Amino acid sequence: MNLVLLGAPGSGKGTQAEILARNFSLRPVSVGDILREEVKKNSSLGQEVNVYMQKGVLVPDEIIGKVIELYLDRSKGFVLDGFPRNLAQAKMLGDILTDLNKRLTAVIYFDISREKIIERLSGRRICKKCGAIYHIKNMPPQKEGMCDRCGGELVRRSDDNEETINKRWEVFWQLSAPLIDYYKDKGLLLTVDASKEKEAVFDEIAAKIKEYDKDKVA
Ligand code: AP5
């Protein structure tokens with residue numbers, strides 16, 4: 001099974017990517033996490049992409065294309081979080097999948113209001129060491145400020161400030177939202193109510209995948 005998660009910043013894509021990967025034995029590919037890892041290493045790629053990420057705008061397609069090719073392989077189904085983000089990237093993904101002799105099973109669209117997004121992103125904390133995602137109210141760690149998984153320090157993401165959140169929201173509606181119709185026209189779009197609790201969102205995704213045209217679930 002090969003899935004794409006599509007949704008505004010903070011809609012819960014990263015949270016669900018991890019659960020879907022675990023439950024369906026998929027390879028999670030989060031472009032945001034891959035880029036943040038490069039920034040952390042201070043590699044030349046990291047330095048280049050950080051400029052865009054801090055502004056909340058998209059990193060150029062050529063860079064993203066190279067990154068994606070490195071992370072998708074033939075061996076395992078995948079769940080893609082944060083790619084594609086515009087029509088050019090969607091076409092790029094189509095070409096890569098053709099080369100790999102793979103096809104998309106479904107695109108999950110996370111439907112959610114702006115108010116919820118603000119509430120989620122202002123309370124989000126991530127582990128500095130392993131990238132695990134928390135929320136100070138909705139999904140708090142057992143011990144404040146410390147990752148349950150690895151004991152790492154929990155921090156706010158540097159792009160989770162009001163100005164950058166607003167920009168990312170704007171960029172989503174301007175550049176990524178056209179993908180909703182693009183994948184609807186291809187018969188691949190499954191919309192879920194992303195404002196529900198984490199477990200309920202997963203249940204809805206799993207149920208929709210199950211009831212979906214079985215021939216497409218490869
Ligand atoms: P990226 O890291 O992908 O950020 P994003 O799309 O803005 O999405 P987020 O990671 O902010 O949110 P999410 O939907 O994963 O929500 P989460 O699960 O964390 O991209 C960052 C930047 O990288 C971009 O701005 C761009 O510059 C660049 N980039 C990335 N991909 C690119 C591409 N393809 N092309 C060009 N540039 C690219 O949840 C949010 C919070 O809510 C958490 O605190 C979580 O605990 C909580 N939460 C989650 N689900 C629930 C729930 N059901 N109920 C209650 N709380 C919940």
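Author: We'll take the pocket, then the backbone. This is a predicted model, where local features need pLDDT of at least 70, side-chain atom pairs count only at pLDDT 80 or more, and totals for chains, interfaces and linings use all residues. Residues are numbered from 1 along each chain as its sequence is written, and side-chain values use heavy atoms, leaving out hydrogens and water.

Reader: Which residues lie nearest the centre of the second largest pocket?

Author: A pocket is an open set of points on a 1 Å grid over the protein atoms alone, where a 1.4 Å probe fits, with protein on both sides within 12 Å along at least five of seven lines; lining residues have an atom within 4 Å of a point. Here 26 residues line the pocket, and Gly-14, Glu-18, Ala-132, Ile-133 and Arg-149 lie nearest its centre. Elements giving two or more residues include helix 1 (13–24) and strand 6 (133–135); helices (H or I, at least four residues) and strands (E, at least two) are DSSP runs, numbered from the N terminus. Helix 1 gives the most, 6 residues.

Reader: And the backbone angles?

Author: Most residues other than glycine have a negative phi, and most peptide bonds are trans. In this model, a cis peptide bond joins Phe-83 and Pro-84, with omega about 0 degrees. Pro-84 sits in the loop between strand 3 and helix 5 (87–100).

Reader: Which loop holds Asn-101?

Author: The one between helix 5 and strand 4 (106–111). Asn-101 isn't a glycine, yet has a positive phi of about 60 degrees.
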